[in-house]
Amino acid sequence: MIEQLKKVWQRRELLWYMVKLQMKAEKKNKVLGFAWSFLDPLLLLIVYVVLIGYIFGRGGPQFPILLFIALLSWRWFTSSLSRSVTSITSKVGLIQSVRFPLAILPLSGIIIGFFDWLFGFVILVPMLFIFEASFTVNILWLPVLLLIEFVDIVGACLIFAVVGTYLADLSNIVQFLIRLGFYLSPILYSVKDVITSERLTMLYMLSNPFAGLLESYKNVVILGAPPTGYALVGAAVACVVFVIGLWYFSRNEHKLVKAI
Amino acid sequence: MINVSDLGIKFRMEKRRRSRALDFFGEKFGNRQRPSGEFWALRHVSFTVERGETIGIIGRNGSGKSTLLRVIAGVYPPDEGQVSVEGEVSTLFGLGTGFNQELSGRDNIYLNGIIIGLAKNQIDGIIDSIIEFTELSDFIEMPVRTYSTGMRARLGFAIAIHSDKDIVLIDEIMNAGDAAFRQKADAEMDRIMGERTVLLVSHAMSTIEKFASKVIWLDRGVIAAMGEPGEVIEQYLAASKVKKRPPDEY
């Protein structure tokens with residue numbers, strides 16, 4: 001398993017090139033090209049703000065930015081996950097031509113997803129001023145939260161990359177799970193708006209490892225508060241998923257070449 | 001420098017991947033109706049290649065030629081036997097399967113160079129001669145999906161031949177180009193012959209005869225014959241001939 005990490009680290013230049021060129025290839029044919037990196041999250045945000053803020057008349061004054069930071073972070077997870085499912089099967093030609101650590105394929109998708117997060121964050125920054133977010137020293141927690149999420153995503157994507165290679169149906173399943181997870185996680189709402197009982201809150205936060213993480217993002221970026229203690233649930237799950245993912249991928253890597 | 005002994009590569013035959021997914025989730029659940037179809041793409045294959053030799057590999061479609069190259073490239077670990085390869089392998093980009101279709105030829109040169117383990121500044125050093133060799137000129141900035149088969153072959157061959165790796169694997173790319181490309185490719189082959197170890201898969205017997213010092217004839221995954229190019233090629237051609245019915249049967 002440590003071996004696996006070493007192998008990837010040795011080929012980090014390849015990983016970086018994959019990321020760079022894949023991003024280039026994705027934007028190349030589009031008229032607006034690079035601008036889509038900013039437009040995508042913005043348009044998504046507008047849809048939800050209109051839906052929740054105006055049509056349902058809920059959400060409060062800071063709703064757009066609260067939603068935005070949660071949306072960005074959730075999108076990083078989901079886009080990485082759906083990319084990882086086909087990450088191996090979509091590179092058959094390459095895999096059959098040359099030996100390289102296959103973990104680079106799902107990983108490059110995760111890094112591309114992180115760049116999308118960053119582009120989104122660039123849009124968020126001016127909005128933070130417009131909607132009067134409170135800046136405190138708690139913003140320093142942001143890199144920690146991102147790291148937890150990264151570890152979590154890597155573990156999950158390594159697992160899904162293997163299973164997705166064997167089971168083409170997984171991409172449909174993942175699309176469903178992502179949709180379900182979106183409504184079950186505090187993205188369009190904050191936990192305290194929905195659940196009032198303390199016991200239920202605890203139950204909810206413990207059962208959804210992403211909940212604590214997403215609430216913490218909102219706390220540190222917008223509310224100027226420290227992360228919730230439930231972020232630790234996310235961190236613990238992240239570590240477990242990471243170890244399992246790494247183990248599982250390492251064990252199956254050599255079989256993948258023949259499965260495609 | 002390359003030592004292959006009793007190599008066997010096994011694949012499972014299945015109509016779709018689903019059954020594989022089942023037995024992948026656990027021998028207990030999936031194994032009951034496990035399809036019996038296993039086949040050996042290569043079996044009992046043994047040979048050695050010395051430094052600087054050029055080996056021609058011939059055989060019918062599906063006889064295991066490309067699989068053998070992939071084993072040498074380190075893509076497939078052997079299911080049986082041993083393979084030891086000393087020296088670095090330049091990848092085979094047979095007809096551009098490893099190219100990213102959306103990216104330009106130039107970007108693909110970088111991508112493929114990095115994949116086979118060249119550093120960026122090494123590629124900077126050879127990219128001009130690669131582009132010159134391919135004669136793609138302005139096309140080098142166009143996406144690879146717009147290239148003709150010949151253009152892809154040229155690009156693949158140019159990358160394989162310009163990377164200074166010890167072992168060069170060439171899978172049927174020499175014969176895809178036009179006459180001018182073939183001449184250039186032949187000249188390049190002459191240049192690197194003796195210097196580097198080359199494994200050459202081809203259906204063009206003239207190419208094999210011209211360059212190979214030894215020929216391996218693969219037939220359904222086993223070595224049918226190996227040795228002097230002239231002899232092996234003759235045997236192979238004799239065996240592939242469509243048998244004609246004798247006249248008295250008419």
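A salt bridge is counted here where a side-chain nitrogen of Lys or Arg lies within 4 Å of a carboxyl oxygen of Asp or Glu. By that rule, the whole structure holds 15 salt bridges over all chains. This is a predicted model, in which local features need pLDDT of at least 70 and side-chain atom pairs count only at pLDDT 80 or more, while totals for chains, interfaces and linings use all residues. Residues are numbered from 1 along each chain as its sequence is written, chains are lettered from A and ligands numbered from 1 in the order in which they are written, and side-chain values use heavy atoms, with hydrogens and water left out.

**Interface of chain B and chain A**

- In the interface, 36 residues of chain B are in contact with 29 residues of chain A, contact meaning heavy atoms within 4.5 Å.
- Chain B and chain A bury about 2900 Å² between them, with 62% of it on carbon and sulfur atoms; buried area is the accessible area (1.4 Å probe) that two parts lose on being put together, summed over both.
- The rule finds 2 salt bridges across this interface.
- A:Lys24 and B:Asp107 join their side chains in a salt bridge (2.8 Å, N to O).

**A salt bridge within chain A**

- The side chains of A:Glu26 and A:Arg83 form a salt bridge (3.7 Å, N to O).
- Because A:Glu26 lies in helix 2 (residues 12–28) of chain A and A:Arg83 in helix 4 of chain A, the pair ties together parts that are 57 residues apart in sequence.

**Helix 4 and helix 8 of chain A**

- Helix 4 (residues 63–87) of chain A and helix 8 (residues 170–184) of chain A cross at roughly 170°, and their axes come within 9 Å. Helices are DSSP runs (H or I, at least four residues) numbered from the N terminus; axes are lines fitted to C-alpha atoms over the stretch in contact, and angles run from 0 to 180 degrees between N-to-C directions.
- Helix 4 of chain A is therefore roughly antiparallel to helix 8 of chain A (angles over 145 degrees count as roughly antiparallel, under 35 as roughly parallel, 65 to 115 as roughly perpendicular and the rest as oblique).
- Among the residues making the contact are A:Trp74 of helix 4 of chain A and A:Phe182 of helix 8 of chain A.
- The contact of helix 4 of chain A with helix 8 of chain A has 8 nonpolar, 5 polar and no charged residues.

**Helix 7 of chain A and its partners**

- Helix 7 (residues 142–166) of chain A packs with helix 12 (residues 231–259) of chain A at an angle of about 30°, with their axes 7 Å apart.
- Helix 7 of chain A is thus roughly parallel to helix 12 of chain A.
- Helix 7 of chain A and helix 11 (residues 209–223) of chain A pack at about 155°, their axes being 10 Å apart.
- That angle makes helix 7 of chain A roughly antiparallel to helix 11 of chain A.

Note on methods
Helices (H or I, at least four residues) and strands (E, at least two) are DSSP runs, numbered from the N terminus. Ala, Val, Leu, Ile, Met, Phe, Trp, Tyr, Cys and Pro count as nonpolar, Asp, Glu, Lys and Arg as charged, and the others, Gly among them, as polar.
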